[in-house]
Amino acid sequence: MSDYVLKNTVSKDAFKYGYLLKKIFPYIKPVLGRAFINLLIAIPLGLLDGVVALSLKPYLDLVINGDPEKIYMLWGHPIHIQAAFAAIIPFGIIAFALFQGVLKYISNYLTDWTGWKVSNALKVDLFKKLTHLDPQFYDVNSSGLVLTRFLSDPDTASRSIIESLKSFIATFFGLVGLVGVLLYNSWRLALIGCTIMAIAVTPVIFIRKKIKSVSNASMVVGGNMTTNFNETFSGNKIMAAYNLQEDQNRKFENQIHQQFDLAMSLTKRVGWMSPIMYFVCSIGIAIVMAYGNHLILTGQMTAGSFASFVTSLLLLYKPTKTLGNTLTSLQGTFVAMGRVFELFDLQPHIQSAPDAIKAHGLEQSIEFKNVYFEYEKDVPVLKNFNLTVKKNETLALVGNSGGGKSTVVSLIPRFYDVTSGSVRLDGIDIRRFELDSLRDQISFVFQDNFLFSGTIRDNIMMGNEHATEEEVERVVKMSHLDEFIATLEKGLDTYVGERGTTLSGGQRQRVAIARAMLKDAPIVILDEATSALDNKSEAIVQKALDNLIQNKTVFVIAHRLSTIKNADRIAVVNEGELAELGTHDELMQVQDGIYKKLYEMQFKSQEEAQEV
Ligand SMILES: Nc1ncnc2c1ncn2[C@@H]1O[C@H](COP(=O)(O)OP(=O)(O)O)[C@@H](O)[C@H]1O
Ligand SMILES: [Mg+2]
């Protein structure tokens with residue numbers, strides 16, 4: 001179980017770069033061509049900065065300080081160098097901007113295209129994973145945490161890895177180009193300039209840790225906020241009924257404050273960096289200026305070289321800083337990747353065995369054999385549970401709340417697996433069946449049935465997507481939905497809100513029953529299917545249920561006496577053990593029996609109430 005609990009922050013694999021790259025590679029592979037072109041384009045894009053600085057030298061030396069008489073012979077024609085450059089340079093600027101613009105466009109397009117492709121492929125697989133994880137995963141993880149991981153991490157992992165790589169390459173070549181220009185103009189000055197630049201950017205390395213810890217902490221806060229949102233949605237009636245709005249608001253305000261504190265703590269640490277770097281750089285530039293003046297005055301350097309040099313030095317500041325940031329964000333990318341692949345690596349505890357066989361209906365019986373079960377380690381919920389239910393028998397499960405009735409029935413479709421012992425279908429351990437085929441044999445109606453956003457028809461057809469119109473009509477009638485549907489303007493095609501909120505409890509149950517009828521599975525499990533209803537809705541839902549369970553093998557957990565009495569046998573589940581088993585009449589004979597007591601305490605009053 002513990003391997004299901006997601007850690008809030010850094011996953012265990014966040015720093016295994018090789019492992020993560022190997023994991024993400026299959027997703028990048030289909031877009032490899034374009035990703036590669038994109039990275040290639042980043043090289044000239046990066047180098048272009050250097051071109052600007054480099055071109056200053058001929059501009060100053062040949063145009064501004066040029067000699068109008070200087071002539072160059074081209075194919076026998078004399079060309080005035082100063083005039084020629086003066087004419088060419090404006091066009092050069094335009095051509096340069098155009099070239100840069102086109103490259104930038106292609107590069108952005110490719111970055112987005114490849115980024116989205118990779119991120120989408122990751123998300124599709126991740127969603128597949130989430131839908132196949134078993135209930136236990138959802139028991140132990142908060143919705144906010146799962147959502148945050150699902151919504152932001154794949155983007156960070158894929159989109160920004162390409163973005164960061166591109167920016168890394170562009171800045172790297174930017175640096176190479178600019179340093180090249182520096183060296184070209186004066187290696188001595190270059191040495192001074194680069195040393196100072198290196199000193200200026202060292203603080204970037206030290207704050208990286210801080211950034212990482214803050215980003216992890218904000219992830220936790222973000223997850224809590226999402227959980228808070230979800231609870232406000234799902235629990236809004238309880239919230240209103242108990243006037244919990246204030247509490248929820250307070251929680252939210254706390255979270256907002258935490259976020260603020262985190263953001264500001266980062267700003268406090270990081271905010272001074274830029275000014276300091278700038279200050280150190282200005283010292284560097286001052287030194288370069290002084291020394292440069294000396295070189296010019298002593299004739300060791302031209303004014304053009306110097307201007308070009310200073311420009312490259314100024315331009316160098318940005319990519320140097322960016323390189324630091326890119327390294328930081330690349331780090332963040334790996335953290336996100338670690339979290340994504342941690343989800344991927346979760347193996348559903350409940351899966352089909354490799355040599356699984358297909359389940360085909362039920363011929364003889366369902367059997368619980370020496371079943372022990374625990375949700376949490378060393379907290380046994382079912383203890384040595386033994387029970388055989390024959391084909392087409394109806395078994396009622398009764399007992400005090402928390403005794404383990406729901407747990408017993410949730411083992412049949414393998415929502416959870418037994419801790420020891422086995423559940424058998426016609427003598428075969430259910431773990432030997434293909435999971436899908438096992439679940440195809442079972443219809444489940446819960447106390448509160450979930451309807452998906454869509455129409456009533458959509459929700460019913462989930463029982464059998466190939467059902468014909470006649471079959472749908474038939475189950476609508478059998479589940480006593482027809483009268484209600486007739487009152488709807490759009491009939492079966494009426495849209496039910498998320499979770500079916502626009503229907504009453506009884507209507508929702510009947511839609512769920514129609515869905516189960518259409519599925520027509522041989523085993524039917526009813527877990528308190530009428531418990532949440534008032535008497536009037538209960539009566540009609542009960543009629544629908546009676547139609548559903550015709551000729552089926554039925555497990556029914558109910559509080560309604562007539563349902564229990566009508567069952568072929570009754571099993572009393574008490575503190576995780578099968579305490580009594582038999583017909584109503586048999587169990588009433590047991591002296592001091594649990595069933596007899598339950599009957600006298602609860603059921604009898606129901607009976608009397610109904611007789612009145
Ligand atoms: N998802 C779960 N995780 C941990 N414990 C659970 C879970 N569901 C039920 N339990 C515990 O198992 C015991 C049996 O619960 P349940 O089968 O729901 O009882 P019943 O349906 O008879 O009311 C209870 O003590 C309950 O707290
Ligand atoms: Mg229950």
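This is a predicted model: local features need pLDDT of at least 70, side-chain atom pairs count only at pLDDT 80 or more; totals for chains, interfaces and linings use all residues.
Two strands pair if DSSP finds at least two bridges between them.

Strand 5 covers residues 394-398. It runs parallel to strand 12 (residues 553-557), and 4 bridges join the two. In that pairing, Thr394 stands opposite Val554 of strand 12. Strand 5 also pairs with strand 13 (residues 569-574). Again there are 4 bridges, and again the strands run parallel. Here Leu395 stands opposite Arg569 of strand 13.

Now look at the faces of strand 5. Thr394, Ala396 and Val398 lie on one side and are buried. Because 5 of the 5 residues are buried, strand 5 is largely enclosed by the rest of the structure.

Next, helix 17. Helix 17 is mostly covered, with 14 of its 15 residues buried. Asp520 follows helix 17 and has a positive phi, near 55°.

Finally, a helix pair. Helix 3 spans residues 81-132 and helix 6 spans residues 153-185. Their axes come within 8 Å and cross at roughly 155°. Angles over 145 degrees count as roughly antiparallel, so helix 3 is roughly antiparallel to helix 6. The crossing of the two is right-handed. On helix 3, the contact residues include Thr111, Gly115, Val118 and Leu122. On helix 6, they include Pro154, Ser158, Ile162 and Lys166.

Definitions and conventions
Residues are numbered from 1 along each chain as its sequence is written. Chains are lettered from A and ligands numbered from 1 in the order in which they are written. A residue is buried if 20 or more other C-beta atoms lie within 10 Å of its own, exposed if 12 or fewer, and partly exposed in between; C-beta atoms are placed from the backbone. Axes are lines fitted to C-alpha atoms, for helices over the stretch in contact, and angles run from 0 to 180 degrees between N-to-C directions. Angles under 35 degrees count as roughly parallel, over 145 as roughly antiparallel, 65 to 115 as roughly perpendicular and the rest as oblique. A crossing is left-handed if the near helix is turned anticlockwise from the far one by less than a right angle, and right-handed if clockwise. Two residues are in contact if their C-beta atoms, placed from the backbone, lie within 7 Å.
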